[in-house]
Amino acid sequence: MWLLLAGFCGTAAAVLALCAAARTALPDMVGRALTQEEKRQVVERNSPLTNYVYLSPNATFPRGDAIQKVTIHHMASDLTLEELGASFGQRDRRASANYAIDSAGQVALYVEERDRAWTSSSLENDDQAVTIEVANDEIGGDWHVSDAAYERLLDLCEDICRRNGIQELRYTGDETGNLTLHSMFRSDTECPGPYLTNRMGEIAQEVNRRLSSG
């Protein structure tokens, strides 16, 4: 009997170890420096506007729903793409975004679109959304972003919509639209700040104008 019990316990321990390994296993290109060829392959699967690639381990592989939304955030800082990538590379931070835009208008990819980034304090939203962090060239106040970052945000939103079959961006001011904000899902943040929040209607209108014009 004791031998049977010991065998059962050993088998159970092995199963638990395998489950833990499965949870921590990451895709090959995640969490490490990529070769130029690997970066090219990643960009091919995502936005061609991408200038910098570092794939964060803080994500769910793959996402659990089809892409139907875009969610905009701000960095609350004026970080470089490399600095933000280093932050998203820390496993204990448990945060990431699909894309980021720096103040010069350069675009980084941290989580491939096929995977769910951990960005918006809402599993349901992030399962459906491509999330974008935008650098601030003003810290505090309205959390202003540069003209270059804003124009690239329009470009990136348009590109995401075109490649994922989103025919129209709808900003409703709450989570019922498909253009959403971090602050809609977390009451203790004003992310993406007043400057971008106040321009959400304008962003939707301009992206929709581009989409309808072909």
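Reader: How far is the sulfur of Cys157 from the closest cysteine sulfur?

Author: A disulfide is a pair of cysteine sulfur atoms within 2.5 Å. Here the closest cysteine sulfur to that of Cys157 sits in Cys161, 6.6 Å away, so it's too far for a bond. Cys161 is in no disulfide either, and the count comes to zero disulfides. Keep in mind that this is a predicted model, where local features need pLDDT of at least 70, side-chain atom pairs count only at pLDDT 80 or more, and totals for chains, interfaces and linings use all residues. Residues are numbered from 1 along each chain as its sequence is written, and side-chain values use heavy atoms, with hydrogens and water left out.

Reader: Is Cys157 buried or exposed?

Author: Buried means under 20% relative accessible area, exposed over 50%, partly exposed in between (1.4 Å probe, protein chains only). Cys157 is buried, at 0%, and Cys161 is buried too, at 1%.

Reader: And which residues lie nearest the centre of the largest pocket?

Author: Rolling a probe the size of a water molecule over the atoms shows where empty space is left. A pocket is an open set of points on a 1 Å grid over the protein atoms alone, where a 1.4 Å probe fits, with protein on both sides within 12 Å along at least five of seven lines; lining residues have an atom within 4 Å of a point. Of the 19 lining residues here, Arg93, Ala95, Thr119, Glu133 and His182 lie nearest the centre.
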